[in-house]
Amino acid sequence: MMKTKLRKHLPANVRWRQWLPLLTLFLLLFSFSSCNDGEEGRNEFISVSQVDSRTGEKTEMKLDEVLNIPPKAGQLSIFVKTNTIYSVLVQSKTPANEQEKEEIIENWLKAEKTGRNEATGEDEWRLTWDAQTKDYKRRTATLSFTSPEVDYGKFINICQGFTTRLSENFEWLKYGSSTASPNVTSNEKLIGDWTKAQKEYNWSSTIANGADKAYCYGKFGFIRLGDEQGHGADLLTPYMTDIARDSVLLVSFDAVAYMDENGEKDNNKLTINILNGGEFAETHTTTKTVSLDYYDPLDADVLHTMWNKGRHDFYVVSTPERPITANTKIQIIGGDYILPTGNNRVFVDNFHVYRLDDVYYYLLEE
């Protein structure tokens, strides 16, 4: 039987149809390749730089870099260079504490575009931040750089404050009234008579030689050292075993001196001692005495305003001669333990100890 060669008898336009799918695929691949080449040719990029405050040199910041800023209010500029449309998003937060979930805090850090350098193609953004006034607990913010055209995946973390080693506001003390003047002494409680649960917080006070009690009193959310009969008292922090790994600590607390409703003032000296390792950064000693401010007992809002001028901060450093250890404690003393020449009643609250990262050490010299 003779085989018929149909191909030769097909019209030319029909013969091309069998190649059409292959031709279409080829054109699509070429088109896709051309688009990819075009995208690659655009080379979208973004770079973020800052000027080092210590060297004065502008350096590019790395992806996911952490930028540390001091607790006091301030500002700095960053410089953004890119070849596409972009925006900057600020998300700020602070931990409720180091064991709990993060609490969102709005607007402590702001970013604002302030200008453009056409010669370098850089936009200048001004970052401004609020001071930490209540405490120096570490809080973070994230600067995200976004674009509708490309996913940069570029962000910078900004950290303010420090890692907490001890944080105490004595809210578990509920002696007396939440609205009574600090001068009211009814229902306050000597530290030796605190409940078992309260003693387990491990704050302590020394019983002076010849005395049968420590004159440290628990009030409603704060502490008083000393009494109206001239007895002084001290307060010692609990053990903080983690600080054995630390080289610099920031100790912060509120303390004010007593004044009665007639304007009569107690002595206002407070002695601070560093026990069992560490020394004051500025004096290289283990003891110092400070003068306290007085509150106004006639102020209707005295329980809040009494601390307005009460903040005391100081740095403790570990040295070869006096290394910080797991036994290091901070002791504050209102006058002498027995003060026959006058009263030295002192109120104390909001006691914190923070670990400073090495990058913060330059703050000691500011």
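So, the open sheet: five strands, ordered β2-β1-β4-β8-β7, with antiparallel pairing. A strand here is a DSSP run of E, at least two residues, numbered from the N terminus, and two strands pair if DSSP finds at least two bridges between them. This is a predicted model, where local features need pLDDT of at least 70, side-chain atom pairs count only at pLDDT 80 or more, and totals for chains, interfaces and linings use all residues. Numbering starts from 1 along each chain as its sequence is written, and side-chain values use heavy atoms, with hydrogens and water left out.

On to the cores, meaning buried (under 20% relative accessible area, 1.4 Å probe, protein chains only) Ala, Val, Leu, Ile, Met, Phe, Trp, Tyr and Cys residues joined through side-chain atoms within 4.5 Å. The largest nonpolar core has 39 residues, and those with the most contacts inside it include Leu225, Phe253 and Phe351. Elements giving it two or more residues include β16 (248–257), β17 (269–275) and β22 (346–355), and β16 gives the most, five residues. Apart from that core lies another, of 19 residues, Trp108 and Trp129 among them.

Terms used: Helix = DSSP H or I, 4+ residues; strand = E, 2+ residues; numbered from the N terminus. Buried < 20%, exposed > 50% of the residue type's maximum accessible area, 1.4 Å probe, protein only.
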